[in-house]
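Here is my notebook from an afternoon with this model.

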Amino acid sequence: MELADPHVRASRFTRLAAEHVHEIEIQRSVFRTVLAPVRTEDDARAVIEEQRRSFHDARHHCSAFVLGPDQDTQRSSDDGEPAGTAGIPMLTALAQRETSDERRDLTDVVAVVTRWFGGILLGAGGLVRAYSDSVSQALDGARFEPWRRKRELLVTVDMAQAGRAEHVIRGLGYTLLDTTYSATGCCMTIAVTDSEEGIGAARAALQTAFAGEAKIVEGRAVWSQ
């Protein structure tokens, strides 16, 4: 669970599950792509610098990254390749990647393509295809994690209901985040879909399950897998 910024428009997004490496050779040039999950620009730049240090014999370390649930931070670098032939194609491959349900919501990811020049010039068009294909093929082999925005609901019931409360919550299919007991009953924190329909349906189901005796208060917006 992560707290959700109330100003974010997205209701869901997708992240990488783990770092992934892919390598291809095009006309004797080797293109090694690293995809890594990151949270901040500093994280992304640290990955880029790590690749630069690890493979200092390579001519280029081109990069692109996308951050935030709304994909509102996007950066790219050609790192010495002709302008527009590396970073932008890589960034496009990340931002336009279809993850599920034809959604293009991949974020919090950095791609670094390290190139060892093989002696054959690829031309501008060839470079665009090479860097785009390098990232796209790496994404083909990567694992993803979907994240959705949820709303915490604090559900309080009296002692008469407390003994079966957690069982009821799980039976309704809601994610139980926390339970606190007191002398008068218990308070459970659950996560439901953060929409008017989702919250309304949860309220109705909970009141039915607890015979109208549950006190329900809306809490924070959070991101949940």
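**Ground rules.** I am working with a predicted model, where local features need pLDDT of at least 70, side-chain atom pairs count only at pLDDT 80 or more, and totals for chains, interfaces and linings use all residues. Residues are numbered from 1 along each chain as its sequence is written, and side-chain values use heavy atoms, with hydrogens and water left out.

Over residues 28-139 I read 36% helix and 27% strand, with the end C-alpha atoms 22 Å apart. Helices (H or I, at least four residues) and strands (E, at least two) are DSSP runs, numbered from the N terminus.

**The five-stranded sheet.** I traced an open sheet with the order β3-β4-β7-β5-β6 and antiparallel pairing. Each edge position, β3 (20-26) at one and β6 at the other, has a single partner strand, so one side of each is left without a neighbour in the sheet. From one strand to the next, the twist averages 15 degrees. Two strands pair if DSSP finds at least two bridges between them; β5 (residues 60-67) and β6 have five, in the antiparallel sense. I picked out one of these pairs: L67 has T73 of β6 as its bridge partner.

**Helices on the sheet.** I found α2 packed on the sheet, touching β4 (29-37), β5, β6 and β7 (109-116), with its direction at about 35 degrees to that of β5. Axes are lines fitted to C-alpha atoms, for helices over the stretch in contact, and angles run from 0 to 180 degrees between N-to-C directions. Helix α3 (residues 123-140) lies across β3, β4, β5 and β7, at about 45 degrees to β4. I checked the span of α3: its 18 residues reach 25 Å from first C-alpha to last, close to the 26 Å expected at 1.5 Å a residue. The expected span is 1.5 Å times one less than the number of residues.

Which residues of α3 are buried? I listed G126, L127, A130, Y131, S134, V135, A138 and L139. Buried means under 20% relative accessible area, exposed over 50%, partly exposed in between (1.4 Å probe, protein chains only). The buried residues of α3 pack against β3, β4, β5, α2, β7 and β8 (144-158).

**T85.** I located T85 in the loop between β6 (73-77) and α2 (87-95). At 4% relative accessibility, T85 counts as buried. Contact means heavy atoms within 4.5 Å; leaving aside neighbours within four places in sequence, T85 contacts D78, A124, L127, V128 and Y131. I also noted that the T85 side chain reaches the backbone oxygen of P82 at 2.6 Å. A polar contact is a pair of N or O atoms within 3.5 Å; within protein, one must be able to donate a hydrogen and the other to accept it, and residues adjacent in sequence count only if both atoms are side-chain atoms.

**D79 and D108.** I then looked at two aspartates with positive phi: D79 has about 45 degrees although it is not a glycine, and D108 has about 55 degrees. D79 lies in the loop between β6 and α2 and, at 25% relative accessibility, counts as partly exposed. D108 sits in the loop between α2 and β7 and is buried, with a relative accessible area of 4%. Not counting residues up to four places away in sequence, D108 touches R15, A36, P37, V38, R39, V66, L67 and G68. A polar atom of the D108 side chain lies 3.0 Å from the backbone nitrogen of G68.

**Around β10.** Seven of the nine residues of β10 (residues 185-193) are buried, so this strand is largely enclosed by the rest of the structure. I counted nine bridges joining β8 to β10, which run antiparallel, and noted C186 of β10 as the bridge partner of V157. β9 (residues 175-181) also pairs with β10 in the antiparallel sense, over six bridges; here L176 has I190 of β10 as its partner. β9 and β10 form a hairpin with three residues between them.
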